[in-house]
Amino acid sequence: MLSVLICSRTFAATQRMAAVAARHGIDHNVRTAGTGDDALAMQAQRPAEVAILDAAVALSYGAAFLTRVRRTWPRTATIVVGVSGPQLAAEAVTAGARGVFGSGAEADELVSALACSMLANWPRPGLKRKAEPTFGAAPTEREMEVLRAMSEGHSNAEIGRLLFLSEDTIKTHARHLYRKLGARDRAHAVAAGFRIGLLS
């Protein structure tokens, strides 16, 4: 379960980020802190996987706070929000921030939404990505349909219409075919298909 620590010197900003986390459905394990000391105490009790830190906290004393978090809890990914200017953004990244967002009067909600969107898509331990197909593996039936349509000279868009699939899905099937057949492109894949008897 993803654990998140949000730290901002202003109560309103912390509550706003927590509310956006709730809207994204990731509030179940979100803790909020109002000061850097509170955040460090919470980290000492139970380190968060992700810390969203207000730039006023993260970059206090020349990024010393951010550096301390990174050294003490190297597995905690830090996202710094409310950074004003490229020099401070570079300082945050140098100190170990995994993400940096700017500031501005109208940007608060956007910054919060972007940070929470990153969290919603953050890789979670234990979840395995689907393995990419390897050379020599047998094509699936759907990949064979795509290969046959390729051999007939159809474009990806045309194949998509024939199979009632999106063009992006056809491109994914084609990419898998290329890997499985050791092909560079569609012409090479079709030639390989004929050579090894997949096509006749």
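## Salt bridges and their surroundings

Arg 148 is partly exposed, with a relative accessible area of 33%, where buried means under 20% relative accessible area, exposed over 50% and partly exposed in between, with a 1.4 Å probe and protein chains only. The model is predicted, so that local features need a pLDDT of at least 70 and side-chain atom pairs count only at pLDDT 80 or more, while totals for chains, interfaces and linings use all residues. Residues are numbered from 1 along each chain as its sequence is written, and side-chain values use heavy atoms, with hydrogens and water left out.

**Exercise 1.** Find the residue with which Arg 148 forms a salt bridge, and state how exposed this partner is.

*Solution.* Begin with the criterion, which asks for a side-chain nitrogen of Lys or Arg within 4 Å of a carboxyl oxygen of Asp or Glu. The partner of Arg 148 is Glu 141, and their closest N and O atoms are 3.0 Å apart. Then turn to accessibility: Glu 141 has a relative accessible area of 53% and is exposed.

**Exercise 2.** Locate the salt bridge between Glu 145 and Arg 142 in the secondary structure, and describe the exposure of its two ends.

*Solution.* First take the distance, which is 2.9 Å between the closest N and O atoms of Glu 145 and Arg 142. Helices here are DSSP runs of H or I with at least four residues, strands are runs of E with at least two, and numbering starts from the N terminus. Finally, Glu 145 is partly exposed at 28%, and Arg 142 is likewise partly exposed, at 31% relative accessibility.

**Exercise 3.** Which parts does the salt bridge of Glu 143 and Lys 180 tie together, and are these residues buried or exposed?

*Solution.* The side chains of Glu 143 and Lys 180 meet at 2.7 Å, N to O. Because Glu 143 lies in helix H7 and Lys 180 in helix H9 (residues 167-181), the pair ties together parts that are 37 residues apart in sequence. As for accessibility, Glu 143 is buried with a relative accessible area of 3%, and Lys 180 is buried with 9%.
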